Amino acid sequence: MTGSLKEYAELYRLGGPWCTAYVDAGTGTVDTLEAADVRPGNIRAALEAAGASPADLDAMEQALQPEVGVPSPVSRFVLVHQGKAELNEVLPGDRAGAERISVDPIPDLLPLVKHRPEEFPYVVAEVSREHGEIRLHYAGAGTPASTQEVQGESEHVSKFQGGGWAHLRFQHHTEDVWRRNADQVAEEIDRVVSSSGARLVVLAGDIHARRLVQEQLSKASQALVSMIDSHTHTAGADSALLEDQVNQRVAEQWAAEQQEIMERLAMQEGQANPESATGIGAVVHALQQAQVEVLILDEAALSERTLLALDAEPWVATAEEESLGANFLGKVPAPAALLRAAALTDSRVLLVPGPVLPDGVDVAALLRWPTGPAVPAS
């Protein structure tokens, strides 16, 4: 699943042609080093044969120069327009599909969406009684997008092991220090969650500190919390174990969100005025009205279908009479046209395998408002 593709809307508004390369980019062995050296020239030749301009060929060849220091396997997605690499993404892992080298009338971001299904933002916070490390991650990215350190008071952070009145006073003072430290950490977590739109907060570290931090979080952040009994900042701790546990929580959250979408779709079946559409005709009609909240797409089933891409609203059409005065950019693969229309109408996208959708359905949508009653045939 993706978040909104709205960030690509300005690219989608620009006319073509667009040069696309989605290729392996590894340089980990002698063989792959040799392949990396010749890859830019080979791709240039393929694009030249497809009619790319000299300026676009130069930009693509430059963008595809080997990326040094990136561990294999790794892939690359480059999108070139009018002599400029508008996107040049180095993507960890093997390609999520076939190699793609093409010249198109619109940007086709399907390979990028499949490789990086969603920039699922989540926060991992490792906390102790005097310190917090807060990392913002995006699912599928190799390293944190940001890391924030919060250093609280360290004096009197351990409880006094005496007795009597002094013992109680010292105990209360120590607990006040813990709470103040936890409040600082929670405040920073709330800030990162709010600014990033994080959908999961994983709390790890000292068990008492975790509880205090959770209590101090805003209600919105508390609703996202998942606890992990792991603390990599202690001697002998296993950071790989923490990473595995975090990945499991992310996968569970991701699957739950997708399941919720599919359940919403199933609930609409048979309704008189459903907040859903199924089939390419109905979905295109909804996209033309900016009615789609979530586009649910089986791209493999649609791979042989084409749609008309338009240079203005309604952006996509199944036939020329639906253009409403907009100019035709070209006939393009249906998945590319649907993704573009989704981006230009701020719809989210969920890529699914065929068996998930009802029999015979290759595309569906959850709608922002219900469809009206069927219009009787004249």
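**After the helix**

Mentor: Helix α8 is followed by G270, and the phi of G270 is positive, near 85°. Please keep in mind as we talk that this is a predicted model.

Trainee: And how far does α8 reach from its first C-alpha to its last?

Mentor: It has 30 residues and reaches 44 Å between those two atoms, which is close to the 44 Å expected at 1.5 Å a residue.

Trainee: Which residues of α8 are buried?

Mentor: The buried ones are L242, V246, V250, W254, E257, I261, M262, L265 and Q268.

Trainee: There's a glutamate in that list, E257. What does R199 form with E257?

Mentor: R199 and E257 form a salt bridge, with their closest N and O atoms 2.7 Å apart. R199 sits in the loop between α5 (164-196) and β8 (201-205), while E257 belongs to helix α8 (residues 239-268), so this pair ties together parts that are 58 residues apart in sequence.

Trainee: How many salt bridges does a search of the whole structure find?

Mentor: The search finds 16 of them. One joins R135 to E133, where the closest N and O atoms are 2.4 Å apart. R135 counts as buried because its relative accessibility is 12%, and E133 also counts as buried, at 14%.

Trainee: Which residues are linked in a network?

Mentor: R44, D58 and E61 are linked in a network of salt bridges.

Trainee: Okay, switching to strands: is β1 mostly covered or mostly uncovered?

Mentor: Strand β1, which takes in residues 18-24, is mostly covered, with six of its seven residues buried.

Trainee: Which strands are joined to β1 by bridges?

Mentor: Strand β4 (residues 100-104) is joined to β1 by five bridges, and the two run antiparallel; here T20 stands opposite S102. Strand β2 (residues 74-81) is joined to β1 by six bridges, again in an antiparallel arrangement, and the bridge partner of A21 in β2 is V78.

Terms used: Residues numbered from 1 in each chain as written. Predicted model: local features only at pLDDT ≥ 70, side-chain atom pairs only at ≥ 80, totals over all residues. Heavy atoms only, no water. Salt bridge = Lys/Arg side-chain N within 4 Å of Asp/Glu carboxyl O. Buried < 20%, exposed > 50% of the residue type's maximum accessible area, 1.4 Å probe, protein only. Helix = DSSP H or I, 4+ residues; strand = E, 2+ residues; numbered from the N terminus. Expected span 1.5 Å × (residues − 1). Pairing = 2+ DSSP bridges.
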